[in-house]
Amino acid sequence: NFTKLLKLKLQINYLEMYKVDLPPDQRERLAVEARRKREEERKNVIFNARERTMGLDLSTIKTQVEDRKQLEAEEANRTDAFAREMIQNDKLCQIMDQRQGDQGKNLVHSMIRYRQENQRFQDRLEFDLNDPESKLKDHPARIGDEDPRLTVSGMQKFAGEDLKSEKRRVFQQEQMREWLTAQIAEKQRISSEKREAERQYELRSRELDMRAVELNRNCEESRRQLESERKSDNARQAEERRTSKQQEQAQEQDDNLAELSNWIRSDLLSENPEVSQSAHGTHRVVTDRWKGFSPEQRQHVLDGQAFQCNEKREQKTQQRLEEMEWDRNRVAQARLGTILEMRDSRGRTDLDKQMFEENTRLAEEQRTRKNFLDQELYTNKPTREYFSQFNTSTR
């Protein structure tokens, strides 16, 4: 029987070692049956005086030794299998590490080759800033009197060298007049086109509204057709507005470029004092062309500053009075808080006294209940039935 139980245990260990998936209820049933058989055999050996063996059972011990050796051999085989699997896994890891290292090297070589072929230093956008031969490739500071790069700040061309200033000034004035005339005409045309477009849009909207009121009286099929037409009209109008907006933006960009060019060639940076006078009145000036205050204006500014200083001084005096009033309020509130805190302290003292008395009463009740349980309730002694339940199992 012991040999059968040992073989059953070996089968269970074999299934667990090689991870044989058995249903949970079958494994549990086998384990319960094995425990029940061992318990029955143990009862027969212990409680049966005729079959109980006195001394050593050599055959049983020999069987146990052989079973133990078989278990050790199986454990050694299992360990060898695990070792072989570990060696195989280590080899696979080494192969994968070597493959990953080769892939990394190939990636680095590919990156270096790509940089050498497609990311050269002379192909960068900022190469002109770092070009060592930039001075050799650059143009000279001055080619001639008609060089457009000769600005005022370059100090390459002075007023005494300008021989065509009068003709250039007349040409610039004529060109400025033509530009202004063209801009005024263009703005008027754009304004008229915009008003006409708005008028057409309003007429179209009214027409659509009238059609919508008329078609709403029809059946459901007519309503669906009207909805489809309205969607198409809205899409077309949106496309027209989008196209018109793009054209306006392009025109506005062209106007801005033209205006910027006009400002560059205008009297913005000239020394003409009449340029600073505004077209809205003699009392107003253009700030970006203004040359400075007059004595009367400077005195007016000083008077305004003096008035602001007096007003600021009065504000500080009023603020100091308000802070003093706030300080008095804070002192009064602090005094009131101290009085309330003293009142709360006296209340907490009375509450602590009541809590102490309540705890004393609860302790006395607990002591009385403990004496009742120890001296009156739990006074029974073990009987014969209590001792008869022992020695009924092998455990």
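This is a predicted model: local features need pLDDT of at least 70, side-chain atom pairs count only at pLDDT 80 or more; totals for chains, interfaces and linings use all residues.
How many disulfides does a search of the whole structure find?

1. The search finds 0 disulfides. A disulfide is a covalent bond between the sulfur atoms of two cysteines. C93 is partly exposed, with a relative accessible area of 41%. C309 is also partly exposed, at 45%.

2. The overall layout comes next. The protein chain has 9 helices and 2 strands. Read from the N terminus, the order of the elements is α-α-α-α-α-α-α-β-β-α-α. Of the 395 residues in the chain, 6% are buried. The chain exposes about 36,100 Å², and carbon and sulfur atoms supply 53% of that area. Among contacts between residues at least 6 apart in sequence, 44% join residues at least 24 apart.

3. Helix α2 covers residues 24-47, and V45 has its place there. V45, I46 and F47 form a nonpolar patch on the surface. Together these three residues have about 260 Å² of accessible area.

4. Helix α2 also holds E33 and R29, which are 4 residues apart, or about one turn of the helix. Their side chains meet in a salt bridge, with 3.3 Å from N to O. E33 is partly exposed, with a relative accessible area of 32%. R29 is partly exposed as well, at 44%.

5. The structure has 18 salt bridges by the rule applied here. One of them joins R199 and E196, at 2.5 Å from N to O. Both residues lie in helix α6, which spans residues 165-215, and they are 3 residues apart, about one turn of the helix. R199 has a relative accessible area of 40% and is partly exposed. E196, at 36%, is partly exposed too.

6. Another salt bridge links E364 with R367, where the closest N and O atoms are 2.5 Å apart. E364 counts as partly exposed at 44% relative accessibility. R367 counts as partly exposed at 45%.

7. How many aromatic pairs does the structure hold? There is 1 aromatic pair. It is made by F121 and F127, and its arrangement is edge-to-face. The ring centres lie 5.4 Å from each other, with 85° between the planes. The cut-off for buried is under 20% relative accessible area. F127 has a relative accessible area of 18%, so F127 is buried. F121, at 40%, is partly exposed.

8. Is D233 buried or exposed? D233 has a relative accessible area of 12%, so this residue is buried. D233 lies in helix α7, which runs over residues 220-264. Leaving aside neighbours within four places in sequence, D233 is in contact with R204 and L208.

Terms used:
Residues are numbered from 1 along each chain as its sequence is written. Side-chain values use heavy atoms; hydrogens and water are left out. Patches are made of residues with over 30% relative accessible area and no salt bridge: like charges are joined within 9 Å, nonpolar side chains (Val, Leu, Ile, Met, Phe, Trp, Tyr) within 5 Å. Accessible areas come from the Shrake-Rupley method with a 1.4 Å probe; for residues, only the protein chains shown count as cover. A salt bridge is a side-chain nitrogen of Lys or Arg within 4 Å of a carboxyl oxygen of Asp or Glu. A disulfide is a pair of cysteine sulfur atoms within 2.5 Å. Buried means under 20% relative accessible area, exposed over 50%, partly exposed in between (1.4 Å probe, protein chains only). Rings of Phe, Tyr and Trp (its six-membered ring) pair if their centres lie within 6.5 Å; planes under 30 degrees apart count as stacked, over 60 as edge-to-face and the rest as tilted. Contact means heavy atoms within 4.5 Å.
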